[in-house]
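Reader: I am new to this structure. Could you take me through it in short steps?

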Amino acid sequence: MLNSGIFLPVIIICGMAYSILAKKLTVMAAVTGAIVALIIFSASGYTGLAMMTTFFILGSAATSWQQSKKQPFATGEETKKGRSALQVLANAGAAAIAAVLALSYPGLGYLMLPIIAASFASATADTLSSELGMVYGRRFFNIVSFRPEPCGMDGVISLEGTLIGVAGSCIIASIYAVGSGWSISFFFIVLAGTLGNLTDSVLGALLERKGIIGNDTVNFLNTLTAALAMLLFGIFYL
């Protein structure tokens with residue numbers, strides 16, 4: 001019954017309704033998310049859908065957590081109507097590309113499915129480390145120069161935020177492992193997710209801060225970095 005996808009419409013409809021009513025996503029973003037969810041489900045079943053759903057739930061919770069403390073550092077990324085369709089694609093686009101490749105070339109499934117997990121691990125790590133790092137971080141520094149800088153600036157991280165990000169990657173990797181079996185892929189997914197998260201900070205310090213690229217581009221590139229890292233791990237070790 002689970003493999004048949006009978007619960008898929010219910011999950012997607014409920015997710016769309018909640019995200020719109022709670023103003024987490026705009027209507028167009030919710031529709032975009034539903035399409036991405038369908039693609040990912042087609043390639044990886046409920047395991048992929050669970051990873052995407054977990055990213056959304058954890059990200060939404062982290063964004064809402066202790067907003068008063070984070071207000072001085074708010075960037076306006078999320079509008080009053082919720083995140084846009086472009087922001088959905090920035091976070092889930094790399095996973096969707098991997099899903100399309102898995103559907104188009106079934107022989108690459110053993111590579112693409114961990115890549116989907118790594119992409120969501122990176123997106124989750126980035127969101128949790130930035131949102132909760134602002135709350136629980138103690139010392140903040142530029143990831144490139146290692147000089148102390150104010151919290152909330154592009155490319156500024158904390159030890160606490162980074163560790164929270166690693167925990168986020170572990171959660172996504174655990175979901176993948178439960179659905180696909182425990183193996184060395186768990187550690188590769190965590191590593192790839194962490195590399196993607198750190199790449200996000202480096203891009204923020206070097207390019208986003210200077211206005212060369214925007215936050216959506218940074219988010220897509222960090223998940224793409226995790227995907228490519230997982231691809232290399234898969235080619236040589238899986």
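What follows is a set of questions and answers on this predicted model.

Reader: How are the axes of helix 2 and helix 5 oriented to each other?
Author: Two packed helices are described by the angle between their axes and the distance between the axes. Here helix 2 (residues 27-64) and helix 5 (residues 109-136) have axes that come within 9 Å and cross at roughly 5 degrees. Angles under 35 degrees count as roughly parallel. Therefore helix 2 is, relative to helix 5, roughly parallel.

Reader: Which helix gives the most to the nonpolar patch?
Author: The surface patch is formed by Ile20, Val27, Met28, Val31 and Ile35, with about 420 Å² of accessible area together. Ile20 sits in helix 1 (residues 8-21). Four residues of the patch come from helix 2.

Reader: Which side chains meet in a salt bridge?
Author: Side chains of opposite charge can pair when their charged atoms come close. The count comes to one salt bridge. One partner is in the loop between strand 1 (140-142) and strand 2 (156-158), the other in the loop between helix 7 (185-208) and helix 8 (215-237), 60 residues apart. At 2.8 Å, N to O, the pair is Glu149 and Arg209.

Reader: What is the phi of Phe146?
Author: Most residues other than glycine have a negative phi. Lys23, in the loop between helix 1 and helix 2, has a positive phi near 60 degrees. Phe146 lies in the loop between strand 1 and strand 2. Its phi is also positive, near 65 degrees.

Conventions. Residues numbered from 1 in each chain as written. Predicted model: local features only at pLDDT ≥ 70, side-chain atom pairs only at ≥ 80, totals over all residues. Heavy atoms only, no water. Axes fitted to C-alpha atoms, helices over the stretch in contact; angles between N-to-C directions. Helix = DSSP H or I, 4+ residues; strand = E, 2+ residues; numbered from the N terminus. Parallel < 35°, antiparallel > 145°, perpendicular 65-115°, else oblique. Patch = residues over 30% accessible without salt bridge, like charges linked within 9 Å, V, L, I, M, F, W, Y side chains within 5 Å. Areas by Shrake-Rupley, 256 points an atom, 1.4 Å probe, with all protein chains shown as cover. Salt bridge = Lys/Arg side-chain N within 4 Å of Asp/Glu carboxyl O.
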